[in-house]
Amino acid sequence: MRNQLYIDGEWRDGAGGERFTVNDPATGDGIADVAAGTPDDAVLACDVADRAQRSWAAVAPREKSEVLRRCWSTLIDHADELANLIVAEHGKPLADARGEIAYSAEFFRWNAEEAVRIHGSLGTSPNGANRILVHHPPVGVVVMVTPWNFPAAMITRKLAPALAAGNGVVVKPPRETPLTALRIAELLTGAGVPEGLVNVVPTLTSGAWFDAAVDHRAVRMVSFTGSTEVGRTLLRRCADRVLKSVMELGGNAPFIVFDDADLEAAVEGAMVAKMRHSAETCTAANRFLVEAAVAEEFSARLAAAMAEVKVGNGFDDGVTCGPMINAGAVETIDELVGAAVRAGAHVALGGNAIDGPGHFYEPTVLGGVAPDSPIAHAEIFGPVAPIIPFNDHDAMVDMANDTEMGLTGYVYTEDLAKGLAVAERIQAGMIGLNRGAVSDPAAPFGGMKQSGLGREGASEGIYEFCETQYIATNW
Ligand code: SIN
């Protein structure tokens with residue numbers, strides 16, 4: 001298990017000599033002691049990334065593409081080892097962890113294909129005076145701040161396009177799940193990523209670490225995935241140096257079920273949208289808006305499906321929902337459920353924290369939730385499905401949009417025209433229409449409103465890591 005900082009292709013302790021413990025959320029036990037990086041370590045990593053980036057930017061696109069392709073196959077070859085690390089530090093079920101590695105690796109395969117297609121354009125100025133030549137150089141050094149819910153995929157979704165576009169990178173993984181990040185960086189070096197191009201510096205002092213990195217003269221961009229609250233703070237800091245910023249922030253996805261929906265398919269989609277990766281995703285269905293005529297039946301069917309969820313240690317056979325990341329997460333979920341019940345919701349299933357060891361919550365379905373209940377306005381990040389019945393379609397759309405978040409939405413109906421029309425009215429960057437999953441390396445992932453800025457994945461994702469330069473010329 002790698003447990004030091006990874007800078008310039010070498011393992012080293014933090015400048016301050018401090019270490020911290022990574023805990024297994026299924027047991028609460030410590031599983032590793034990891035070196036804690038200081039602001040000086042962040043600066044060193046930025047220096048190194050700057051040097052490595054200058055050479056990498058000059059490497060031919062085909063060669064970059066082949067390195068990325070080898071990163072894909074290396075991650076696939078190490079899928080079992082990486083999946084085990086994810087379960088140990090995050091807790092998600094082993095099958096989900098394996099799925100995460102396939103998803104993570106795919107960002108490299110997709111971007112290997114995109115690396116040779118970073119196209120500019122050629123135009124003529126309207127008065128005919130000159131040509132307008134547009135091209136897309138890399139931004140330079142990118143600082144990536146990544147979350148614990150996908151210890152691998154939320155790194156590779158940024159890293160693969162950043163490398164394809166010719167950048168150098170410094171990653172600050174979360175203190176909850178640094179082990180997967182460190183091992184991935186080492187594997188990428190083995191796959192041919194030049195030493196120093198990808199540096200991973202865990203820390204205990206995120207604020208000071210980030211300040212030092214943002215002030216480094218070579219850093220030109222920050223890419224962050226995490227809460228809207230932290231995103232706002234990082235954006236303010238990025239403003240000091242006018243850094244390019246891509247922000248993948250919180251969600252509050254409505255999952256809309258019309259009375260003409262195929263309810264079996266809707267429940268199947270709901271289980272995916274709610275429960276994948278232990279219900280700890282930003283894309284998770286957060287509010288189930290169900291047409292009143294089918295609300296009771298949908299609620300009963302969803303409760304039956306949720307009752308089949310097996311909660312436990314992600315390494316155990318048959319487990320489909322692991323622990324929450326820590327005790328604080330369980331407390332937050334429990335408070336939201338309690339407030340919803342006090343406001344009149346009825347518990348169709350679950351509704352309680354599970355006694356320790358570990359940090360578990362019962363799969364929960366709440367019926368008749370009031371639209372103004374706190375649970376309809378906060379990101380739950382846990383296995384709780386609040387159901388809000390609706391009658392009027394316009395009022396339902398208003399309710400779906402009554403949030404500052406706009407990451408994902410889901411719509412279930414057998415009427416495609418109605419589904420598309422409603423999808424267009426939902427203020428969210430990604431809509432699943434009769435689909436419970438939207439994540440795909442080939443699709444632009446990102447949010448509207450306070451759910452974020454910019455996109456990851458697809459060809460949009462690669463251009464986020466590029467500058468645009470135009471040359472006025474003639475011949
Ligand atoms: C997230 O929760 O931030 C990402 C979810 C996904 O990629 O599916």
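Around the ligand sit Tyr-103, Asn-149, Phe-150, Met-154, Arg-157, Thr-225, Arg-276, Thr-281, Cys-282, Thr-283, Ser-439 and Phe-445 (a residue makes this list if one of its heavy atoms lies within 4 Å of the molecule). Bear in mind that this is a predicted model: local features need pLDDT of at least 70, side-chain atom pairs count only at pLDDT 80 or more, and totals for chains, interfaces and linings use all residues. Residues are numbered from 1 along each chain as its sequence is written, and side-chain values use heavy atoms, with hydrogens and water left out.

**Ligand contacts**

- Ser-439 has a side-chain N or O atom 2.4 Å from an oxygen atom of the ligand; a polar contact here is a pair of N or O atoms within 3.5 Å (inside the protein, one must be able to donate a hydrogen and the other to accept it, and residues adjacent in sequence count only if both atoms are side-chain atoms).
- For Arg-276, the distance from a polar side-chain atom to a ligand oxygen is 2.9 Å.
- Asn-149 also takes part, with a side-chain N or O atom 3.0 Å from an oxygen of the ligand.
- As for cover, the ligand taken alone exposes 260 Å², and the protein buries 100% of that; accessible areas come from the Shrake-Rupley method with a 1.4 Å probe, and for residues only the protein chains shown count as cover.

**Salt bridges**

- The structure has 19 salt bridges, each defined as a side-chain nitrogen of Lys or Arg within 4 Å of a carboxyl oxygen of Asp or Glu.
- As background, side chains of opposite charge can pair when their charged atoms come close.
- Arg-183 and Glu-81 form one of these bridges, at 2.4 Å from N to O. That pair links distant parts of the chain, with Arg-183 in helix H6 (residues 178-190) and Glu-81 in helix H3 (residues 79-90), 102 residues apart. Helices (H or I, at least four residues) and strands (E, at least two) are DSSP runs, numbered from the N terminus.
- Arg-183 counts as buried because its relative accessible area is 17%, while Glu-81 is partly exposed at 33%. The cut-offs are under 20% relative accessible area for buried, over 50% for exposed, and partly exposed in between (1.4 Å probe, protein chains only).
- Asp-394 pairs with Arg-425, their closest N and O atoms being 3.1 Å apart. This bridge also links distant parts of the chain: Asp-394 is in helix H12 (residues 393-400) and Arg-425 in helix H13 (residues 416-425), 31 residues apart.
- Asp-394 is partly exposed, with a relative accessible area of 44%, and Arg-425 is partly exposed too, at 40%.
- Arg-12 bridges to Glu-10, with 3.6 Å between the closest N and O atoms. Arg-12 is partly exposed at 28% relative accessible area, and Glu-10 is partly exposed at 44%.

**Helix H1**

- Helix H1 (residues 39-57) has 19 residues and should span 27 Å at 1.5 Å a residue; its end C-alpha atoms are 26 Å apart, which agrees. The expected span is 1.5 Å times one less than the number of residues.
- Buried residues of H1 include Asp-41, Ala-42, Ala-45, Cys-46, Val-48, Ala-49, Ala-52 and Trp-56.

**Nonpolar surface patch**

- Leu-122, Leu-133, Ile-471 and Trp-475 make a nonpolar surface patch of about 420 Å². Patches are made of residues with over 30% relative accessible area and no salt bridge: like charges are joined within 9 Å, nonpolar side chains (Val, Leu, Ile, Met, Phe, Trp, Tyr) within 5 Å.
- Leu-122 belongs to strand S5 (residues 121-124) and is partly exposed at 49% relative accessibility.

**Backbone and loops**

- Gly-356 to Pro-357 is a cis peptide bond, with omega near 5°; Pro-357 lies in the loop between strands S15 (353-354) and S16 (360-361).
- Asp-8 is a residue other than glycine with a positive phi, near 60°, and lies in the loop between strands S1 (5-7) and S2 (10-12).
- Asn-434 has a positive phi near 60° as well; Asn-434 is in the loop between strands S20 (430-433) and S21 (452-453).
- Glu-308, in the loop between helices H10 (292-307) and H11 (327-342), is exposed at 66% relative accessible area.
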